[in-house]
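Have the viewer open and follow along.

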Amino acid sequence: MNDLFTWAALGSLTGASAATLLAANVIGGLLGPSGDKARKWIALGIALALSYLTAAFAADAGTQKWIIAFFNGLVIFSAALGVNQLPPGNRQATSASPTQLAQGREPRYIRSWV
């Protein structure tokens with residue numbers, strides 16, 4: 001159990017962004033092809049929820065912690081989204097159905113949803 005997610009790991013940028021990525025992909029996958037556009041909003045919601053949850057357990061720093069939690073949620077979302085995919089030239093086309101394979105390529109389990 002020590003190798004899986006822990007509360008301390010979810011409170012870190014790496015753990016929170018990994019949890020956001022995994023949850024958004026699983027929920028989007030369960031929704032089917034219509035879930036591809038929803039993944040961004042799902043990821044944003046999860047990232048903000050994790051950030052505010054972490055802020056709730058933090059030592060009281062006044063109202064600033066809630067403002068900082070919002071921006072931390074955006075950082076978690078950006079890390080899960082893959083900031084390197086934001087320029088359109090870096091995006092991979094997702095218009096083809098996931099069952100269609102390019103010439104000799106393996107199916108991708110985690111597709112870009114940017």
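## Overall fold

The protein chain has four helices and zero strands, where helices (H or I, at least four residues) and strands (E, at least two) are DSSP runs, numbered from the N terminus. Along the sequence this reads as the pattern α-α-α-α. Please keep in mind that this is a predicted model, in which local features need pLDDT of at least 70 and side-chain atom pairs count only at pLDDT 80 or more, while totals for chains, interfaces and linings use all residues. Residues are numbered from 1 along each chain as its sequence is written, and side-chain values use heavy atoms, with hydrogens and water left out.

Of the 114 residues of the protein chain, 25% count as buried. Buried here means under 20% relative accessible area, exposed means over 50%, and partly exposed is in between (1.4 Å probe, protein chains only). The accessible surface of the protein chain comes to about 8,000 Å², with 65% of this surface belonging to carbon and sulfur atoms; accessible areas come from the Shrake-Rupley method with a 1.4 Å probe, and for residues only the protein chains shown count as cover. Among contacts (heavy atoms within 4.5 Å) between residues at least 6 apart in sequence, 49% join residues at least 24 apart.

H2 has 19 residues and reaches 27 Å from its first C-alpha to its last, close to the 27 Å expected at 1.5 Å a residue. The expected span of a helix is 1.5 Å times one less than its number of residues. Several residues of H2 are buried, including Gly 15, Ala 16, Ser 17, Ala 19 and Thr 20. The cover over the buried residues of H2 includes helix H1 (7-10), H3 and H4. After H2 comes Gly 32, whose phi is positive, near 90°.

H3 has 20 residues and reaches 29 Å from its first C-alpha to its last, close to the 28 Å expected at 1.5 Å a residue. Among its buried residues are Arg 39, Ile 42, Ala 43, Leu 44 and Ala 47. The buried residues of H3 pack against H2 and H4.

## The loop between H2 and H3

Where does Asp 36 sit? Its place is in the loop between helix H2 (13-31) and H3. Asp 36 is partly exposed, with a relative accessible area of 22%. Asp 36 and Ala 24 are twelve residues apart in sequence, and their C-alpha atoms are 9.6 Å apart in space.

## Two residues of H4

Ile 76 is found in helix H4 and is buried, with a relative accessible area of 8%. Which residues does Ile 76 touch, not counting residues up to four places away in sequence? They are Leu 13, Ala 16, Ser 17, Thr 20, Ala 47 and Ser 51. Ile 76 and Thr 14 are 62 residues apart in sequence, yet 8.2 Å apart in space, C-alpha to C-alpha.

Ser 78 is also found in helix H4. At 27% relative accessibility, Ser 78 counts as partly exposed.

## Aromatic pairs

A pair of aromatic rings is described by the distance of the centres and the angle of the planes. Rings of Phe, Tyr and Trp (its six-membered ring) pair if their centres lie within 6.5 Å; planes under 30 degrees apart count as stacked, over 60 as edge-to-face and the rest as tilted. How many aromatic pairs does the structure hold? There are two aromatic pairs. The rings of Tyr 52 and Trp 66 have centres 6.1 Å apart and planes at 25°, so this pair is stacked. Tyr 52 lies in helix H3 (residues 38-57) and Trp 66 in helix H4 (residues 64-81), so the pair ties together parts that are 14 residues apart in sequence.

The rings of Phe 70 and Phe 71 have centres 5.3 Å apart and planes at 75°, so this pair is edge-to-face. Phe 70 is located in helix H4. Phe 70 is partly exposed at 35% relative accessible area, and Phe 71 is partly exposed at 48%.

## A nonpolar surface patch

Tyr 52, Trp 66, Ile 67, Phe 70, Phe 71 and Leu 74 form a nonpolar patch on the surface, with about 550 Å² of accessible area together. Patches are made of residues with over 30% relative accessible area and no salt bridge, with like charges joined within 9 Å and nonpolar side chains (Val, Leu, Ile, Met, Phe, Trp, Tyr) within 5 Å. A salt bridge is a side-chain nitrogen of Lys or Arg within 4 Å of a carboxyl oxygen of Asp or Glu.

The largest share of the nonpolar patch, five residues, comes from H4. Tyr 52 is partly exposed, with a relative accessible area of 31%, and Trp 66 is partly exposed, with 37%.
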